[in-house]
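Please look at the sequence and the model below before reading on.

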Amino acid sequence: MRKNIVAGNWKMNNDLSQTETLLTALKNKTITSDAEVMVAPTFTNLWSAFNTLKDNAIEVVAQNMHFAENGAYTGEISASMLKSVGINTVILGHSERRAYFNETDELLAKKVDAALANDMRVIFCFGEELADRKSENHEAVVGSQITNALFHLEASAFKNIVLAYEPVWAIGTGETASPEQAQDMHAFIRKTLADKYGADVADSVSILYGGSVKPGNAQEIFSKPDVDGGLIGGAALNADDFFAIVNAF
Ligand code: PEP
């Protein structure tokens, strides 16, 4: 059966000493739920975070990577570089990458391929903007984001894919999709997967919700049958809040 997952995306927050302080606080917490737990510090702190959490159940993951193996891509980081510092999972397609760094579905398809070719797991993010929801285009937008970036893959690739539905209007805004809105979209995503790859694949893929998840709303969102956890931004920067979410199942 698919896993419950809670992943903290720290974005461009926390220098080395702040990272170590937060990791130490997280290390002192106990996971009482069945959730797999991940944190995504910045690139510069991945190696130290990996070492700090080496004997801990929390996995350190990356926020992004480039599709090429190496070469003239100033400022970029490849999958094999991430692997060389112990990182086996990468977040791809976050809405901030799409909005501020012009990441398209086509580019993301190449990044997904590179990650999978390096035996990495991918947390693939997507979600509609407010205008799409208001015009009732949200399913069409999400359907095309998934199709364009992932549907060239073989069914077997999905054992290394986690999906993260993150409505852009709910990220960092304090505005959360209602548990029903999240469930409806997750059910649509699972059906989209089932139509292409069959029910076994669709049922095996974890679909996370992201967008202003907090200790106060996590339990209700996670109680929905097609919501398999969360991708957490702001609340992941506080150990107590993050663990309240981790243990909300
Ligand atoms: C995110 O950045 O993926 C996110 C969900 O942020 P927040 O929880 O702050 O809305």
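## Packing of two helices

At what angle do helix α5 and helix α7 pack, and how far apart are their axes? Helix α5 covers residues 105-117 and helix α7 covers residues 138-150; the angle between them is about 45°, and their axes lie 7 Å apart. With that angle, α5 is oblique to α7. The crossing of the two helices, α5 and α7, is right-handed.

On the α5 side, the contact is made by Asp-105, Glu-106, Leu-108, Ala-109 and Val-112. Their counterparts in α7 are Gln-145, Asn-148, Ala-149 and Leu-150.

## Annotated binding site

An unreviewed UniProt entry lists Asn-9, Trp-10, Lys-11, Gly-172, Ser-212, Gly-233 and Gly-234 under "binding site". These residues span 226 residues in sequence, yet no two of their C-alpha atoms are more than 14.2 Å apart, so they gather at one spot.

Gly-172 is found in the loop that runs between strand β6 (161-165) and helix α8 (179-197).

## Confidence of the model

The model is predicted. Its protein has a mean pLDDT of 97, and 100% of the residues reach 70 or more. For the complex, the predictor gives an ipTM of 0.96 and a pTM of 0.97.

Notes
Residues numbered from 1 in each chain as written. Predicted model: local features only at pLDDT ≥ 70, side-chain atom pairs only at ≥ 80, totals over all residues. pLDDT = per-residue confidence, 0-100. Axes fitted to C-alpha atoms, helices over the stretch in contact; angles between N-to-C directions. Helix = DSSP H or I, 4+ residues; strand = E, 2+ residues; numbered from the N terminus. Parallel < 35°, antiparallel > 145°, perpendicular 65-115°, else oblique. Left-handed = near helix turned anticlockwise from the far one by under 90°. Contact = placed C-beta atoms within 7 Å. UniProt positions renumbered as here; feature names shortened; annotations may be inferred.
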